[in-house]
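Colleague: Could you please take a close look at the aromatic rings of this structure? I should be grateful for one connected account, with each term explained.

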Amino acid sequence: MRNSVKVITTICLITFLCLTGCRKKEQAAEVDNETQSAVDNAIADQEYMAVVPTTQSHAINTKGTGAQQRTAAVCDTLTLISGDTLWGTSNHVNPTYSMSISNAVCAQSMPDGRFRTGHIKVRLTGKIRDAGSKMIIKFFNYTAASVSYSCDSMIVTTLASSPLYTSFNVKLINGVCQKNNNWTINYSLDRTISFYPKGNPIGTDPVTMIYGTASGKNRQGRNFTVDIPSATPLIKYRSCEYISGGIQTLTPESYAARIIDYGYSVSPAPYNGCDEDASYSVNGNTVAFKLK
C-alpha cells in the first residue's frame, strides 16, 4: 500500500483533438478538451463512496444495532452519543453515533493510504441489517488529502443483508468539496452498493461494487452527469487506493459523453491486484491514463 495518495489530477494532462459536432453548415471541427468534469467527479466520488462501506461495516459491528456477529478490533465500532437501542419499545429514541476519522487514531478504518481527519455522525432508524433501515450520515470538519467534504446528508438504506454481503441504496444530498477556499465542487448521487466483507465474489480482499447515477457542478461552474450501468459496476478493493474495474459514462454540459473504463470485465472477474490503469474515450478517441 502506498504511503500517500495523489488525487486523480493527471487526467487534466489528457488532450483530445476530437470533432464534437456540426454546429455550422460547413461541418466545422471543434476541439473537445473538457477534462475538468472527469477530474472533479473523481475527487468527489472516490471519497464519498469510501465513507459508505466503512460506516456501514462499523455499524454492523456495533452492539445493539442488530449485527449478526461482532469483532473486537480497535476503532471498528461506532460510539453512541444519544438515543438508545431499545428497538420496539414505546419510549425508544433512534440512536445517534459518532465515528472518528483520524490517521493517528483510526487509520485502519480506511486503509487506502489517504490522510484523513474529522468526524462523522450516524443516526439509525432501525437495526442495520433489516431491509428498509436507514443510516443518516453527516460530516463534521472532514478532510481527505487536503480536500474538505460536507453534505446536507447522506442517506444509506439497507436493501438486503447476509453474512456474505450487504446491499444498500445511497443518496448523497448537496455534497460540497472544497480545497483551501480555492475551488468548490458540488455533487449529488443515487447509487446501489454491494459490500462483500470477505471478498466475495471476487478474491479475498473486502470489495465494494457500485452502480447508479450522479450529477454535479465542477470547479469551473459546468454541470455534468454520470451513469454507471449495473452491468459494469465500479469495483473498489478495501486495501487499494484506486478503483480497480468498471465502466462509467460522464457527460459535461454542452459536450459529448466520455466513457471512463477502469479495467477488466466484471464477469468473470478474477482479482488481478491493485492497479492504477484506466482509459478515457470521447468521440471515438481513446487515451490511456493513470489514476494518480
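Modeller: The following account treats the aromatic pairs, then the charges placed over rings, and finally the confidence. This is a predicted model, in which local features need pLDDT of at least 70 and side-chain atom pairs count only at pLDDT 80 or more, while totals for chains, interfaces and linings use all residues. Residues are numbered from 1 along each chain as its sequence is written, and side-chain values use heavy atoms, with hydrogens and water left out.

A pair of aromatic rings is described by the distance of the centres and the angle of the planes. Rings of Phe, Tyr and Trp (its six-membered ring) pair if their centres lie within 6.5 Å; planes under 30 degrees apart count as stacked, over 60 as edge-to-face and the rest as tilted. A search of the whole structure finds 6 aromatic pairs. In one of them, the ring centres of Y48 and F139 are 5.7 Å apart and the planes stand at 90°, so this pair is edge-to-face. Because Y48 belongs to helix α1 (residues 36-60) and F139 to strand β4 (residues 134-144), the pair ties together parts that are 91 residues apart in sequence. Helices (H or I, at least four residues) and strands (E, at least two) are DSSP runs, numbered from the N terminus. Both Y48 and F139 are buried, where buried means under 20% relative accessible area, exposed over 50%, and partly exposed in between (1.4 Å probe, protein chains only).

Y165 and Y196 form a stacked pair, with 5.8 Å from centre to centre and 25° between the planes. At 28% relative accessibility, Y165 counts as partly exposed, whereas Y196, at 17%, counts as buried. Y48 and F139 also belong, with Y142 and Y149, to one aromatic cluster.

Charged side chains also meet rings. A charge sits over a ring if NZ of Lys or CZ of Arg is within 6 Å of the ring centre and within 35 degrees of the ring normal. The charged end of K121 sits over the ring of F140, 5.0 Å from its centre, and that of R219 sits over the ring of W183, 4.1 Å from its centre.

As for confidence, pLDDT is the predictor's confidence in each residue, from 0 to 100. The chain has a mean pLDDT of 79, and 78% of its residues reach 70 or more. Confidence is lowest in helix α2 (residues 103-106), at a mean of 65, and highest in strand β10 (residues 223-228), at 97. Where pLDDT is low, the predicted coordinates should not be read in detail.
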